[in-house]
Amino acid sequence: MKKTIALLTSSLLLTACASLQQPGDKADAQAAQDQKSASAKSAANRKKAPKAKVQPQEDALPALELSEDILYKVLTAEIAFQRGQWQSAYVTMLAAAQQTRDPRLAKRAAEMAVAARQAGEALVAVRLWTELAPHSDEALQNYLGLIMLSDSVDEIEPLLTQRLADAAPQARGPMILQIQRLLSRAKDKQASFTILQNITKPYGDLMETHLALAQGAFSIGDGVQAQREARAALKIKPDSELAVLTAAQVASDNKDATKLVTDFLRKYPDAREVRVAYARSLVEQKDYKQARSQFETLLKEDGEDATTLFALGVLSAQTDQLKDAEYYLQRYLQVLSAQPEDDRDPSQALLLLSRIAEERRDLDSALRYLDQAEPGSEGYVNIQVRRAQLLARKADIEGARKALEQAQAESANDGEQLQLLLAESSLLRDANRNQEAADVLKGGLERFPNNTDLLYDYSMVLEKLGKYDEMEKSLRRVMQLAPGNQHAYNALGYSLADRNVRLPEALELIQKAADLAPEDAFIADSLGWVLFRMGRAEQAETQMRRAYGLRPDVEIGVHLGEVLWTNGKQDEARKVWREAALKEPNNEVLKSTLARLNVKL
């Protein structure tokens, strides 16, 4: 069970840090504005310092009466557009904009072209819109977005130069960062970086100028300039969290990046965003102990931060500190319940709490955690699958099926419907109700006839029912639909080998699977097994040892033991079988093998 928790928490660790900022995120401009207030946050008071308000400059609308002619053109264009005649609608609206010099009409013409997916026409209209409303951020962003798709990115340089010159001093830095992000989308990265260098030349005293140049240089692979610009930004503002994060991002290696961040945190221990980014990097490096220490420091600053609580819960589970994990995750849920405006889905926390309770063999508590999930939430289907698995463990197969049927009734998503069908068939197979499992999968295949997961699971049930011809037909269909699916080749080859029929063909199928997935332990086991069936015992032993080395699975161990036994290595065979028995004493393959060979451990 701890292994299961580890697998689950490994997949959640980056989710736990998903909201943490990176230097290129949307929050860059805001972070630059709020640098001082972010550093001043404390455990007692996390209120943001008030920001200076910058009033955007308004563009005057034309002093023009709405004549019958203009009204007729606008209405004619709108009616044509609703009827699907985008071209005539666009031409009429653009002509009206040119006649009236009204930016609103130019904007509407651009919207029509965009809706019709006509980038060239949209760019013409947006150029006019920008000309008529030179201070409109919306017009500029649309213009930049479209120009990035064209080959004439250099035409925007004069406009950007003028926008920066007209900007209020306190708004210029954030604007430079915003422009850099927009320019980074251009097809010609080098040309866009040249534009960035040109338009920011007058503003070398701004930290944001050097941050933007560092990001731009980094995007074109010029690490030397990127590092130089990041150092210049730090020199202007040594306590800037955004600057040190950028410097770490463009550093030559992880060691240099880590030193930058840790040195900064020693000097500015209240730099929350830097500590958050450092904790995230530790998670990515799988240094969970140090990551947990950083998140604990963050929690001291703000004991109600949901992201920090969730990260600590996941990290504690990952390191087998299950009581701590439960404590942090329960606090995380309490924080979410007290903040109904927070749209985070608690499903992952509930699933992990459920698994922790299952580790204590407290299945009732595990189910109660799942009861807290809201129908329709993002993770609700996964919750219901988990509920069904727990009910099956309590031998309540009908209750498990009912939980899955309820989820099916509430989901209109094909992917979720498939997930629920596969879960139901798996429960029935585990309960040895193979015919019912086959019926469920057959019904699923009527809806999704070419789904390889359904076909594969259906073939496995058919084998248990002894319907080998139908099984082979299903697996051949998988091979046809997904020629790179190694599991289909392996399954058919192993089935033939296990029944001791068509062994040359079985070897060919399994070898195909091995070629597709050379490090798959179960395929290596199948290869050893077919060689054993063909009387090539020495080669079989070599393969089996390799498979068991790749993964000491119980059934691989059973096969290895039989090969060793046959090769006269009885003591070693018994040792391998004892290892298997310690893991799964009631394993049916182990018991049947020992009975067939008349071996007592």
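This is a predicted model: local features need pLDDT of at least 70, side-chain atom pairs count only at pLDDT 80 or more; totals for chains, interfaces and linings use all residues.
Begin by selecting helix H4, residues 68-82, where Ile 79 is found.

Proceed to the aromatic residues. The structure holds six aromatic pairs. To inspect one of them, select Phe 264 and Tyr 268: the ring centres are 4.8 Å apart and the planes meet at 45 degrees, so the pair is tilted. Colouring by accessibility separates the two partners: Phe 264 counts as buried, at 6% relative accessibility, whereas Tyr 268 counts as partly exposed, at 27%.

Now select helix H19, residues 322-338. Its 17 residues reach 24 Å from the first C-alpha to the last, close to the 24 Å expected at 1.5 Å a residue. Display the side chains of H19 and locate its buried residues, among them Leu 322, Glu 326, Tyr 328, Arg 331, Tyr 332 and Leu 336.

Finally, turn to two places where a charged residue lies over a ring. Select Tyr 468 and Arg 499: Arg 499 lies over the face of Tyr 468, at 4.0 Å from the ring centre. Then select Tyr 489 and Lys 512, where the charged end of Lys 512 sits over the ring of Tyr 489, 5.8 Å from the centre of that ring.

Notes
Residues are numbered from 1 along each chain as its sequence is written. Side-chain values use heavy atoms; hydrogens and water are left out. Rings of Phe, Tyr and Trp (its six-membered ring) pair if their centres lie within 6.5 Å; planes under 30 degrees apart count as stacked, over 60 as edge-to-face and the rest as tilted. Buried means under 20% relative accessible area, exposed over 50%, partly exposed in between (1.4 Å probe, protein chains only). A charge sits over a ring if NZ of Lys or CZ of Arg is within 6 Å of the ring centre and within 35 degrees of the ring normal. Helices (H or I, at least four residues) and strands (E, at least two) are DSSP runs, numbered from the N terminus. The expected span of a helix is 1.5 Å times one less than its number of residues.
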